[in-house]
Amino acid sequence: DSNMPLEDSVNKIIPGSSFQDYGAETNFWNNAYSWEPKKQHQFVMEIDGIPSYLVKASAKPTITNGEVTLDHINVQRYVKGKSMWNAISITLYDAIFPSGAKAVMDWVRLHHESATGRNGYSDQYKKEIVLKSLSPLGEVIEQWLLKGAFITEANFGSLDWGTEDVVNIELNIRYDWAFLEF
């Protein structure tokens, strides 16, 4: 019936009942089509010493909670163990100027200086990374802080006469913890 209320046409089992009777929002249909998703390509990452416009791609933070097994007679139960923030991968463009490779190597040298074999102190090579998601208008709508970030692997890309691809730098970044500011 075209004159039947939307809720009744969807719920023919009990006509006259509302979505709210089933724990759904009363304006479900209006809200279902009125939200804007965050888009993967709308972000900016800030790392001291690396220009933001060289950051091509980045994973977002992930956390893993360990589990502790509590054995008791014939059963097991579980509680949360240690929490660990997982490493992320970042892809950079290797620009001619400013050189992406040089910016990364400057950071690597704070970790370890190959010429002398000297390792750096963590307060010198660990950095704070800010990852900002942007709205379609460029407003910051989400901001992550990654504390104590350092490079565990730097891959400076590859060269090939048979392609027209740009050179990318792949970084694996370990950090102590992350905080979602908003």
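Q: Which residues line the largest pocket in this predicted model?
A: Happy to start there. The lining consists of Lys 38, Lys 39, Gln 40, Phe 43, Ala 57, Ser 58, Lys 60, Leu 131 and Ser 133. Two elements, β2 (55-58) and β8 (127-134), each give two or more residues to this lining. The space in the pocket comes to about 220 Å³.

Q: Why is Glu 142 called buried?
A: Its relative accessibility is 6%, and buried means under 20%, so Glu 142 counts as buried. You will find Glu 142 in strand β9 (residues 140-155).

Q: How do you know that the side chains of Glu 142 and Lys 60 are joined by a polar contact?
A: The contact is 2.7 Å, and the cut-off asks for N or O atoms within 3.5 Å. A polar contact of 3.3 Å also joins the side chains of Glu 142 and Trp 144, again set against a limit of 3.5 Å.

Q: Which residues is Glu 142 in contact with, leaving aside its neighbours within four places in sequence?
A: They are Lys 38, Lys 60, Leu 131, Lys 132, Ser 133, Leu 180 and Phe 182. Among them, Lys 38, Lys 60, Leu 131 and Ser 133 also line the largest pocket.

Q: What makes β2 and β5 a pair of strands?
A: Three bridges join β2 to strand β5 (residues 88-93), and a pair needs at least two. The two strands run antiparallel, and Val 55 stands opposite Leu 92 in β5.

Q: How do you know that β5 also pairs with β10?
A: The same test applies: at least two bridges are needed, and six join β5 to strand β10 (residues 168-174). These strands run antiparallel, with Leu 171 in β10 as the bridge partner of Ile 90.

Q: Why is Arg 109 called partly exposed?
A: Buried means under 20% and exposed means over 50%, with partly exposed in between. Arg 109 has 35% relative accessibility, so it counts as partly exposed. Arg 109 is found in helix α3 (residues 100-111).

Terms used: Residues numbered from 1 in each chain as written. Predicted model: local features only at pLDDT ≥ 70, side-chain atom pairs only at ≥ 80, totals over all residues. Heavy atoms only, no water. Helix = DSSP H or I, 4+ residues; strand = E, 2+ residues; numbered from the N terminus. Buried < 20%, exposed > 50% of the residue type's maximum accessible area, 1.4 Å probe, protein only. Polar contact = N/O pair within 3.5 Å; in protein donor to acceptor, adjacent residues only side chain to side chain. Contact = heavy atoms within 4.5 Å. 1 Å grid on protein atoms, 1.4 Å probe; cavity = no way out; pocket = protein on both sides within 12 Å on 5 of 7 lines; lining within 4 Å. Points joined across faces, edges and corners; volume = space filled by probe spheres on them.
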